[in-house]
Every structure is written in C-alpha cells, then in structure tokens.
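Let's take a friendly look at the salt bridges in this model. Have the sequence and the 3D view ready as you read.

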Amino acid sequence: MKQKLLLTLVAVFSFILLKAQNFIEGQYIVNLKESYVKPVSRSQIVRHDRRAIMLDVNKPERDNIKDKIKTLQSKNNIKPSSVLFEFADASVGFTAKLTKNEKEALEQDPDVESVIQSYYFEIPPNERSSSGQTSLEKTIDNKPVAGAALSTQSVPCGIAKVGGFANGEQKATWIWILDTGVDLDHPDLNVETTYAKSFVTSESSADDFKGHGTHVAGIAAAKDNSIGVVGVSAGATIVPVKVLDRTGRGDWEWLMKGLQYVLDNAIAGDVVNMSIWAPGYLNCENSDIALRNRIRELGNAGIYVVMIAGNNNTDAIKSSPGCIDGAKLYTVAAIDCSNTWWNDDLTIGSNWNKSTRSFPVDWVSIGVNVKSTIPGGRYGLDDGTSMAAPHVAGIIHARGGPPRSVGTVTYKGRTYKIASR
C-alpha cells in the first residue's frame, strides 16, 4: 500500500514538473477580445472546393484585422522585433517575447482577453519514439532492422480489427499529418509533396528525421502494393505538415501555423491527424482559447480532426489538444488486439475518461505493438495513443464520415466504443 502511494506521488510530481518544462520562458500568447476585433471566421469566411483559394479571397479582411493587432501592439509599446506570430482567422492575437512590465501592461488593456505563457507540444511520453533515439528502427518482426523493406505485404492486426483496409487512392480528400514530418519518398506511402510543409524554423524540409510522423502515416494510409504493410485507407494521399522537430518537440507557434495552413488549403471531408501532446492545464479545453478556436474552426469547415488521449494513464482531460471537443473532432484512446486497455503500469498507458465533468475520449482503437512505415523505406513497431489515432483517421477517410462501432470495451467503470470501418 505504501509503495503504491509513493508511486502515485512520484507520478503527480512528475506531471507537475513536466508542465513546468513545457513552458517557453519569456514567451506569451496574447488573445484579443472580439469586442475589439472579430476573427475572419466571424466577420468573413469563404470556403471553396479548390485548394488555396480561401487564402486569397479572405486576404483583405485578414489584413484589416492584422492592422488592428499592430495598433494594439503600438499602444502598449510592444516592439515589432518582439512579435513572433500573429493570428486572425479563428481567433485574434499574437505571440511575443515580453518583459514582465510588458506582460502586465497587456493584462491591464481592456481590449486583451488573456495573456498566457507559451509552451511546447511533443511526441507523447511513453512511446518508443518519444525516447532520445530513433527507436522505431530497432525491430521488424522482433528482429534488428538491417535497412531492407519487408518483401511481402502483411495486414497488421490493427487494420484487421477495424474491418480491413479500403482503397483510398482515388479519393479526392487527403489526410494531413501534423507531426515530425513524413518520409517523402517512402515506397509504401502516397505523399503529396507540393503541399508538404515544415513550420519548424530549423528544418525547412517536411521530411521526417525522427520517425514518428512516418509511422503514423503508414497506419492511416500505407499502400496496398504487395510490400510492407497496408493502411486503413490504403494509398490515400498523405500531406505532411511538420510541427515537431527531429527531437520530437515543437513550439506552440509551429502548431498554430500548421493548423492555419491546413485551414487555408484543405477541403471539406479532409482528415487531420494530430498524434501530438502537451500536458493539459486547469480547465484544459478553455485554457488556450486560440488553440481551441482554431481546431474547432477546422471542424466547422467540414474538416475532420483526430487527436490522441495521451499516454499517462490518467484523465484524458489533462491532455492537450485531445481535451478539446467540437463538431468533427475525435479523441482516441488505445487498446490492444485482444480489446484490452493499454495499461502497462501506474503511470504508463492510455489516458481515459476519469472526470465526471468532461468525457473527451470518443473512440478506442489499436495502439499496442503496431507495425507501420518508418523512414528509409523501412518498417518498425511502436505503442501508444499516437498509433490508435491514425487508425481512426484512416477509417474516417475511407468512410467519408465518422467510424461505426463494433462493440465496446470497459475500463475503470466507463465504456468506450471500438472504432471500425
């Protein structure tokens, strides 16, 4: 009993420490009130079935909003060189490096909604790929990787469990992978390189130098081509949007720019997969207004967003962005191929719906010992809700809509739907 209490205290302390480590020193997110300026989505929003046209059509309104942002910055003596990023579409504001006095002045401005410290997103902890090494490359079928691709195609258990794969190659809709990038020339992936984009300041290429994004992409959409593995929506067009660097970590601004890029270029019916994580803070869904509004705006535009529950074996409401609810937004927890909840020990395992106030987990899917693509035309294994989410992203792409349920699994007194095509 004492040992379990000690482990619990260690887990709580580690979570608090992790929050502190995720903050970016001296960097802040400033949200402006709608009474001062309304975002593009509230004042003028044009959607179109031709990619990239929305950006040009909405440009005049966006420019007008950014002029008002600059007016507020000038009023508060914020130096232009301190400003890192301005946003105007789903909500209005900016990020900047601020002194203590500048931060306090902005907090007193009647046109400012909130000033919060900026923070990092990353590959969720407790996955093989979240370590400092490229550990996805360690095994193929429990054997060391020698650099060769699998010569015959296999159907991983996760694909079989969701009802098998479907041909996604001819569909007009795309799957956007917001992650560490994707191996741009992996023979088992259909990567749209024209729209591939990196928002990582130190890495201009959308190519994957970590392995996580490539692994995620293969689960959703590896080709049906007689080699390697096959994904749920086989051969679907994958668009890498790099928001995490080769260490598996990324600035808040990179994620926001990536989400805006998708909003500007995606069409209704496209799917976004975000197997990324930050520790959720008090009132997680509403603590970061800009992030919440931007993700919800994707759903409101008819774009499906799939997020992870997190891997801390705790309340999923403490995991961002998975704590965010809204139309066409889905948060996914992990089970294994025998429908057993992924739960390795007290602190490692899939997050779950613990709170009596909010139930962010919408679906469960396979996230244990998942085989998929990795950089270099190779294949490897990983565990985590990061692997469960792209199963659901592939299902949505294949179906052109939400998953159907093929039964349930119960964990800690709550029941969850198992996702299938």
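## Salt bridges across the chain

Arg62 and Asp89 form a salt bridge through their side chains, with an N to O distance of 2.7 Å. This pair links distant parts of the chain: Arg62 belongs to helix 4 (residues 59-75), while Asp89 sits in the loop between strand 2 (83-87) and strand 3 (93-97), 27 residues apart. Both Arg62 and Asp89 are buried. Please keep in mind that this is a predicted model.

Next, turn to Glu102 and Lys79, whose side chains also meet in a salt bridge. Here too, distant parts of the chain are linked: Glu102 is in helix 5 (residues 100-108) and Lys79 in the loop between helix 4 and strand 2, 23 residues apart. Glu102 counts as buried because its relative accessible area is 12%, under the 20% cut-off. Lys79, at 43% relative accessibility, is partly exposed.

Glu122 is buried at 12% relative accessibility, whereas Arg249 is partly exposed at 26%.

Here are the pairs side by side.

| Salt bridge | N to O distance |
|---|---|
| Arg62 and Asp89 | 2.7 Å |
| Glu102 and Lys79 | 3.6 Å |

Key: Residues are numbered from 1 along each chain as its sequence is written. This is a predicted model: local features need pLDDT of at least 70, side-chain atom pairs count only at pLDDT 80 or more; totals for chains, interfaces and linings use all residues. Side-chain values use heavy atoms; hydrogens and water are left out. A salt bridge is a side-chain nitrogen of Lys or Arg within 4 Å of a carboxyl oxygen of Asp or Glu. Helices (H or I, at least four residues) and strands (E, at least two) are DSSP runs, numbered from the N terminus. Buried means under 20% relative accessible area, exposed over 50%, partly exposed in between (1.4 Å probe, protein chains only).
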